Amino acid sequence: MTAAQEGHGGAYRRLLTEMSNWLISYFRRRLPAGDVDDAVQETLLAVHRRRHTYDPRLPLAPWLAGIARRKWIDQLRNLTQRPLEELLADIPVADHETAVTSASVLARLLDELRPTQAQAITLVKLQGYSIEDAARETGLSLSAVKMNIHRGLARLTVMLEKSDDID
């Protein structure tokens with residue numbers, strides 16, 4: 001970013017490519033698939049417009065994450081303002097009983113874990129966060145996140161093996 005601020009075009013192109021890859025991953029976890037590209041482009045435009053505000057003495061990632069978060073919030077606002085399509089009465093609907101039951105059982109099992117274990121498993125295994133993103137989200141180290149996942153999954157396995165009524 002420092003080289004880009006100084007007018008080095010090659011560095012700027014590389015920076016935008018790397019940022020774009022990170023932003024795609026960031027928005028895929030937070031937005032419907034059809035809105036990811038728009039959010040990435042809006043964020044890159046904001047980065048371009050605000051690149052002069054970046055202080056090279058500070059880490060780049062939090063600066064970029066702050067811009068991405070604001071663009072994510074803007075996208076969420078846009079989602080709520082879209083007109084809803086009218087649903088037809090004869091749309092076939094699948095039976096969701098198994099999924100609802102599984103989600104309920106999983107939630108009950110996660111409640112039995114230590115909060116840090118449940119949070120790490122939820123972020124990484126259920127919501128698709130990377131270990132690094134989960135560490136940032138929780139404020140834990142990478143090894144602590146991995147350890148919480150490992151121990152939590154081991155504890156879930158023991159609970160499932162002891163349970164008679166969970167299929």
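I began with the charged pairs and counted 6 salt bridges in the structure, taking a salt bridge to be a side-chain nitrogen of Lys or Arg within 4 Å of a carboxyl oxygen of Asp or Glu. The model is predicted, so I noted its limits: local features need pLDDT of at least 70, side-chain atom pairs count only at pLDDT 80 or more, and totals for chains, interfaces and linings use all residues. Residues are numbered from 1 along each chain as its sequence is written, and side-chain values use heavy atoms, with hydrogens and water left out.

**Salt bridges**

I looked up Arg14 and found that it pairs with Glu18, the closest N and O atoms being 2.9 Å apart; both residues lie in helix 2, 4 residues apart, about one turn of the helix. Arg14 is exposed at 58% relative accessibility, whereas Glu18 is partly exposed at 41%, where buried means under 20% relative accessible area, exposed over 50%, and partly exposed in between, with a 1.4 Å probe and protein chains only.

In helix 4 I found Asp74 and Arg77, 3 residues apart, about one turn of the helix, with their side chains meeting in a salt bridge of 3.3 Å, N to O. Asp74 is partly exposed, with a relative accessible area of 32%. An α-helix has 3.6 residues a turn, so residues three or four places apart point the same way.

I also noted the salt bridge of Arg57 with Asp55, whose closest N and O atoms are 2.7 Å apart; Arg57 counts as exposed at 74% relative accessibility, while Asp55 is partly exposed at 21%. Arg29, Asp133 and Arg136 are linked in a network of salt bridges.

**Fold**

I then went through the chain as a whole and recorded 8 helices and 0 strands, where helices (H or I, at least four residues) and strands (E, at least two) are DSSP runs, numbered from the N terminus. Of the 167 residues of the chain, 29% count as buried. Among contacts between residues at least 6 apart in sequence, 59% join residues at least 24 apart, contact meaning heavy atoms within 4.5 Å.

**Cores**

I looked next at the largest nonpolar core, which has 20 residues, of which Met1, Met19, Leu23, Phe27, Val47 and Trp63 touch the most other members. Helix 2, helix 3 (33-50) and helix 4 are the elements that give two or more residues to this core. A second, separate core of 16 residues includes Ala120, Ala134, Val145 and Ile149. For both I took a nonpolar core to be a set of buried Ala, Val, Leu, Ile, Met, Phe, Trp, Tyr and Cys residues joined through side-chain atoms within 4.5 Å.

Leaving aside neighbours within four places in sequence, I listed the contacts of Phe27 as Val36, Ala39, Val40, Thr43, Ala68, Lys71 and Trp72. On the same terms, Ser20 is in contact with Val40 and Leu44; Ser20 lies in helix 2 and is buried, with a relative accessible area of 16%.

**Gln75**

I checked Gln75, which is in helix 4 and is buried at 9% relative accessible area. Not counting residues up to four places away in sequence, Gln75 touches Leu31, Asp35, Asp38, Ala39 and Glu42. The C-alpha atoms of Gln75 and Asp35 are separated by 7.7 Å, although the two residues are 40 residues apart along the chain.

**Helix 6**

In helix 6 (residues 115-126) I found Gln117, Ala118, Ala120, Ile121, Leu123 and Val124 to be buried. These buried residues pack against helix 5 (97-111), helix 7 and helix 8 (142-162). Just after helix 6, Gly128 takes a positive phi of about 80°.

**Largest pocket**

I finished with the largest pocket, which has a volume of about 340 Å³ and is lined by 14 residues, of which Trp22, Tyr26, Arg30, Ala65 and Arg136 lie nearest its centre. On a 1 Å grid over the protein atoms alone, a pocket is an open set of points where a 1.4 Å probe fits, with protein on both sides within 12 Å along at least five of seven lines, and lining residues have an atom within 4 Å of a point. Grid points are joined across faces, edges and corners, and the volume is the space filled by probe spheres set on the points.

Helix 2 (9-28), helix 4 (60-81) and helix 7 (131-138) each supply at least two residues of the lining, and helix 4 gives the most, with 6 residues. By class the lining has 8 nonpolar, no polar and 6 charged residues, where Ala, Val, Leu, Ile, Met, Phe, Trp, Tyr, Cys and Pro count as nonpolar, Asp, Glu, Lys and Arg as charged, and the others, Gly among them, as polar.
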